[in-house]
Amino acid sequence: PICAGYVVEPDDVEGFVRGLHMLLDDPEQRKRMGEKARNYAEITFDIDRISARFESILSPLLQTVVWS
């Protein structure tokens, strides 16, 4: 699984602070999580991948449209 951050409940200030302290206290973990987050973003939001996904969704819809 991708561990690119810590999850806390909304309004859980103490949990948020604990997560920050864990990152501040462990530079190697911070680096690993940053690298995983960047890798995930580069793969997930790659323009070619997104374009292909949009095309696969929109092409069938456009084929049903009658242009006048």
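Tyr 40 is a residue of helix H2. In this predicted model, Tyr 40 is partly exposed, with a relative accessibility of 41%. Its C-alpha lies 12 Å from that of Gly 5, although 35 residues separate Tyr 40 and Gly 5 in sequence.

Gln 29 also belongs to helix H2. Its relative accessible area is 17%, and Gln 29 is classed as buried because this value falls under 20%. The side chain of Gln 29 makes a polar contact of 2.6 Å with the side chain of Arg 32.

Side chains of opposite charge can pair when their charged atoms come close.

Both partners, Arg 38 and Glu 42, sit in helix H2, which covers residues 27–44. They are four residues apart, about one turn of the helix. An α-helix has 3.6 residues a turn, so residues three or four places apart point the same way. Arg 38 is exposed, at 57% relative accessible area, whereas Glu 42 is partly exposed, at 44%.

Helix H3 runs over residues 47–63 and has 17 residues. From its first C-alpha to its last it reaches 24 Å, close to the 24 Å expected at 1.5 Å a residue.

The N-terminal end of H3 is capped by Asp 46, which places a side-chain oxygen 3.2 Å from the backbone nitrogen of Asp 48. Further along, H3 bends by about 30° at Ile 57. A proline, Pro 60, follows within four residues of that position.

A nonpolar patch on the surface is formed by Val 8, Val 13, Phe 16, Val 17, Leu 20 and Leu 24. Together these residues have about 540 Å² of accessible area.

One of the patch residues, Val 17, lies in helix H1, which covers residues 13–25. Val 17 has a relative accessibility of 36% and counts as partly exposed.

## The segment before H1

Asp 11 is located in the segment before H1. Its phi is near 70°, a positive value in a residue other than glycine. Most residues other than glycine have a negative phi. Asp 11 is exposed, with a relative accessible area of 78%; the class follows because exposed means over 50%.

Key
Residues numbered from 1 in each chain as written. Predicted model: local features only at pLDDT ≥ 70, side-chain atom pairs only at ≥ 80, totals over all residues. Heavy atoms only, no water. Helix = DSSP H or I, 4+ residues; strand = E, 2+ residues; numbered from the N terminus. Buried < 20%, exposed > 50% of the residue type's maximum accessible area, 1.4 Å probe, protein only. Patch = residues over 30% accessible without salt bridge, like charges linked within 9 Å, V, L, I, M, F, W, Y side chains within 5 Å. Areas by Shrake-Rupley, 256 points an atom, 1.4 Å probe, with all protein chains shown as cover. Salt bridge = Lys/Arg side-chain N within 4 Å of Asp/Glu carboxyl O. Expected span 1.5 Å × (residues − 1). Bend = angle between axes of the 7 residues up to and from the residue. Polar contact = N/O pair within 3.5 Å; in protein donor to acceptor, adjacent residues only side chain to side chain.
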